[in-house]
Structure formats: structure tokens, C-alpha cells
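The following questions and answers concern the chain shown below.

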Amino acid sequence: MSKHALYVAGRNKDCEIVFDDPTVSRQHLEIAVTADGRFYLTDMNSSGGTAILRNDQWVALRQAFVEKTDQIRLGELLMTVQELAIHIDNYNSSAGSAAGKKPGSGAEWSAKDELPQGPVKRDRITGEIIGD
């Protein structure tokens, strides 16, 4: 298993990646970026859903590894994973999160070191991963 960084994208100003789009949920998508640069996306039970374009068809995305060239849809907001990566880079540049501190907290933080194998169970209210 590889180390990874976690980001949450949504409308809420407390998300690392904020989208000002009414079709995007307050906490819409969790993005795990692995040490080798792969992206693992998890829809956080968003009301508008998350989808990926496959063979010219939008397919619901709950959890999956994606490529930077993939097109995704958060609610009705369209982008490529590469564009999402640019938002992450901008967040890291402005927040200084590469130092391992959550902006505004002053405390060390880190996500779990292991990516889950297969689908995970989440608390429907908080979105937190529920253990076995």
C-alpha cells in the first residue's frame, strides 16, 4: 500500500477544493492522491452524483481509480481529472499543506496511510469511513 494525501471537493468553504456551483454538494467528492500520483475518487453521497465519461456515456462513479485524461462530472460541473489536479496543486501552493499542516489548525495532520481495498462503508451523515 502506498502513502497518500486526501482532499475533499465541494461547495463548502471548508473543503480543500471549493466549487461555486449549485449542482455540486457541500462535500461532494473525496480525492486520494497516491505517492505515485494516481487519483482515487470517492463520491461522498452527493445529491447530484459523480460520473465519469466511458465510451461516450456518463457512468455513475462511486469509487474508482481514474486517469488524468478522464472526463468527470460533479453534479452538472464538467472537468477532466487533469483540471481537478490543477485545483489540488493550487490548493497546495496557497495553503502550504505540503508541510503536513492543515491550514488554520497549526497542528500536524495526516490521512490514513493505507488506501482501502475495494468499496468502503461510510457514515451517511459525516462521510467518515467506517471500519470492519
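Q: Does Glu16 count as buried, partly exposed or exposed?
A: In this predicted model, Glu16 belongs to the loop between strand 1 (4-10) and strand 2. Its relative accessibility is 16%. Buried means under 20%, so Glu16 counts as buried.

Q: From which residue does the backbone nitrogen lie 2.8 Å from a polar atom of the side chain of Glu16?
A: The side chain of this loop residue, Glu16, has a polar atom 2.8 Å from a backbone nitrogen. That nitrogen is the one of Val8.

Q: Which strands form the edges of the open sheet of five strands?
A: The sheet has the order 2-1-3-4-7, with mixed pairing. An edge strand here pairs on one side only. The two edge strands are strand 2 (17-18) and strand 7 (63-66).

Q: Which element gives the most residues to the largest nonpolar core?
A: This core has 21 residues, of which Phe19, Ile31, Phe39, Leu41 and Leu84 touch the most other members. Two or more residues come from each of strand 1, strand 3 (29-34), strand 4, strand 8 (71-74) and helix 1 (81-95). With five residues, the element that gives the most is helix 1.

Q: How do the rings of Tyr7 and Tyr91 pair: stacked, tilted or edge-to-face?
A: Tyr7 in strand 1 and Tyr91 in helix 1 are 84 residues apart, and their pair links distant parts of the chain. Both Tyr7 and Tyr91 are buried. The ring centres are 6.0 Å apart and the planes stand at 85 degrees. Planes over 60 degrees apart meet the criterion, so the pair is edge-to-face.

Q: Does Thr80 count as buried, partly exposed or exposed?
A: Thr80 is placed in strand 9 (residues 77-80). Leaving aside neighbours within four places in sequence, Thr80 is in contact with Lys68, Asp70 and Gln71. Its relative accessibility is 21%.

Q: What distance separates the C-alpha atoms of Thr80 and Ile52?
A: Along the chain, Thr80 and Ile52 are 28 residues apart. Their C-alpha atoms are separated by 9.4 Å.

Terms used. Residues are numbered from 1 along each chain as its sequence is written. This is a predicted model: local features need pLDDT of at least 70, side-chain atom pairs count only at pLDDT 80 or more; totals for chains, interfaces and linings use all residues. Side-chain values use heavy atoms; hydrogens and water are left out. Two strands pair if DSSP finds at least two bridges between them. Helices (H or I, at least four residues) and strands (E, at least two) are DSSP runs, numbered from the N terminus. Buried means under 20% relative accessible area, exposed over 50%, partly exposed in between (1.4 Å probe, protein chains only). A polar contact is a pair of N or O atoms within 3.5 Å; within protein, one must be able to donate a hydrogen and the other to accept it, and residues adjacent in sequence count only if both atoms are side-chain atoms. Contact means heavy atoms within 4.5 Å. A nonpolar core is a set of buried Ala, Val, Leu, Ile, Met, Phe, Trp, Tyr and Cys residues joined through side-chain atoms within 4.5 Å. Rings of Phe, Tyr and Trp (its six-membered ring) pair if their centres lie within 6.5 Å; planes under 30 degrees apart count as stacked, over 60 as edge-to-face and the rest as tilted.
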